[in-house]
Amino acid sequence: VFFFNDTATTEIYTRSIVGSVRCVQETGINAEYMGFFDQIYKGMLTRSLKVLSRQLGVRTMADCPWKMNDYYYNYKFTNKMEFIDHKVRFPLFRVLDLEGKVLNPEYEILDKDLLTKSLKLMVECREMDSVYNNAQRQNRITFYMTGTYEEAANTAAINALKDTDALYLQYREFPMLIKRGYTPLDLLNNLKGNLGDNTLGKCFPLMNANPELNVFPGSAPLGNRHPHAAGTGYYFRVNKQDRIACCVFGEGSASEGDAHAAMNFAATLGSQTLFYCRNNVYAISTFRDDQYAGDGIAPRGIGYGMPAIKVDGSDYLAVYYAVKKAREMIIARKGPVIVEAYTYRGGDHSTSDSAASYRTKEKMAVVGKYQESLGDPIPRLGKYMQSKGMLKDWAAFAKEVGEKSRATCLQHLKTIDDTKMPFYEIMFDGVYKEMPWNLKEQKEQLNEHLKKYGDVYPMHDFPPMKQSFLTEHSFN
């Protein structure tokens with residue numbers, strides 16, 4: 001038996017062993033000789049995979065990208081014809097009831113500091129939603145999306161992760177961004193795309209990015225961050241890092257082809273990736289029952305070959321423990337996990353949407369009961385904390401935090417009103433390391449246009465900037 005130093009040769013060698021054995025098995029060779037050959041085959045295959053494992057950074061045959069082990073080739077046969085019905089339901093993991101009472105003491109959180117900061121952040125983000133959503137109606141920002149009733153799903157999840165974990169977010173994850181180091185003013189600057197925005201308006205509103213905080217750019221086309229998260233998680237595993245990639249998405253995004261490909265890639269090749277789905281009933285105006293026929297997103301994990309769980313997304317404790325356990329499993333198993341948090345989108349999809357046009361009485365007769373079964377995540381956590389003596393009056397605490405947050409957000413709006421916009425020419429910079437001919441041509445065309453018609457544009461809002469500023473904020 002020979003062993004090779006390069007992965008490609010070892011792969012060919014390993015596959016040739018498997019192919020040879022399959023051919024011999026299919027010829028119906030004498031059982032005695034077959035048993036003897038099978039022992040040789042297993043020894044050769046095991047040794048080859050050990051070499052290949054060292055080269056690819058995998059631990060065992062079970063971790064090998066091709067996973068050539070008995071699980072995939074030995075099946076239990078039955079003479080009874082039985083179809084597996086999708087109506088076998090995943091239960092929703094819950095720790096707190098709607099009144100904040102503990103259903104399972106095993107999953108209590110008695111860390112007062114953690115819960116106080118979490119409740120404060122949830123209240124602040126809801127108040128921020130109210131102020132910034134109204135600001136868009138006043139034409140002070142161009143776009144906004146609220147996260148009402150989804151605060152626990154975001155806040156608990158980010159607290160269960162490590163700051164070194166890579167985040168691939170969607171667009172309603174303000175609690176996650178603030179926990180990582182953003183401020184409400186940072187978020188508002190992004191919504192405005194002004195000089196206070198760390199990307200200088202190069203990211204779509206709500207698509208924040210800051211690699212120093214391990215927050216990678218979001219994107220309006222849904223589903224295209226799933227492959228990035230799968231690839232990042234694969235990198236973490238191969239390099240034996242105690243890090244995971246967390247891809248946050250909605251049930252609508254899970255219908256995209258990129259999502260399917262990424263989950264299959266992650267499960268097959270062993271990516272340290274958490275696929276965290278916030279199932280909030282609506283993919284914009286498409287209701288859940290029009291989006292898929294199965295039992296949500298979590299059951300798909302079984303098909304892909306990864307563990308999965310459904311959790312009450314309005315239950316802070318349940319989400320925290322589910323994501324925390326999922327992360328532990330990802331690191332231990334060196335493979336992905338799906339966590340699906342059932343939530344409810346309290347507001348419109350965005351400021352460009354009117355939910356009243358599709359939330360009919362007939363639909364809401366069903367959806368309303370579902371919403372009631374989840375309740376409001378803020379009172380649920382607040383009542384729990386009060387029952388444990390962490391707060392004397394959770395409602396008074398929330399009111400005080402909300403009033404302070406509202407005043408701060410209103411002050412931030414005044415700040416962005418006085419903040420200039422980036423010089424228009426920087427839209428061409430940083431797209432490529434070296435600006436290609438077509439962008440140079442477009443830049444010249446724009447400048448020629450503004451020479452003729454610049455008086456009809458608010459050019460005073462886009463002052464020229466020094467080269468030192470551009471260099472400091474370079475995206476090359």
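Predicted model: local features only at pLDDT ≥ 70, side-chain atom pairs only at ≥ 80, totals over all residues.

Colleague: How many salt bridges does the structure hold?

Modeller: There are 27 salt bridges in the structure.

Colleague: What does Asp312 form a salt bridge with?

Modeller: Its partner is Arg94, with the closest N and O atoms 2.8 Å apart. Asp312 sits in strand β8 (residues 308-312), while Arg94 is in the loop between β1 (92-93) and α3 (112-137), so the two are 218 residues apart and the pair links distant parts of the chain.

Colleague: Asp312, buried or exposed?

Modeller: Asp312 is buried, because its relative accessible area is 1%, and the cut-off for buried is under 20%. Arg94 has 28% relative accessibility and counts as partly exposed.

Colleague: Which residues are linked with Arg94 and Asp312 in a network of salt bridges?

Modeller: Asp315 and Arg380 belong to that network along with Arg94 and Asp312.

Colleague: Switching to helix α3. Where is the partner of Arg126, Asp376?

Modeller: Arg126 and Asp376 form a salt bridge, with 2.8 Å between the closest N and O atoms. Asp376 is in the loop between α12 (361-374) and α13 (377-387), so the pair ties helix α3 to a part 250 residues apart in sequence. Arg126 is partly exposed at a relative accessible area of 21%.

Colleague: And what does Glu127 pair with?

Modeller: Glu127 forms a salt bridge with Arg406, the closest N and O atoms being 3.1 Å apart. Glu127 is in helix α3 and Arg406 in helix α14 (residues 394-417), so this pair ties together parts 279 residues apart in sequence. Arg406 is partly exposed, at 34% relative accessibility.

Methods. Residues numbered from 1 in each chain as written. Heavy atoms only, no water. Salt bridge = Lys/Arg side-chain N within 4 Å of Asp/Glu carboxyl O. Helix = DSSP H or I, 4+ residues; strand = E, 2+ residues; numbered from the N terminus. Buried < 20%, exposed > 50% of the residue type's maximum accessible area, 1.4 Å probe, protein only.
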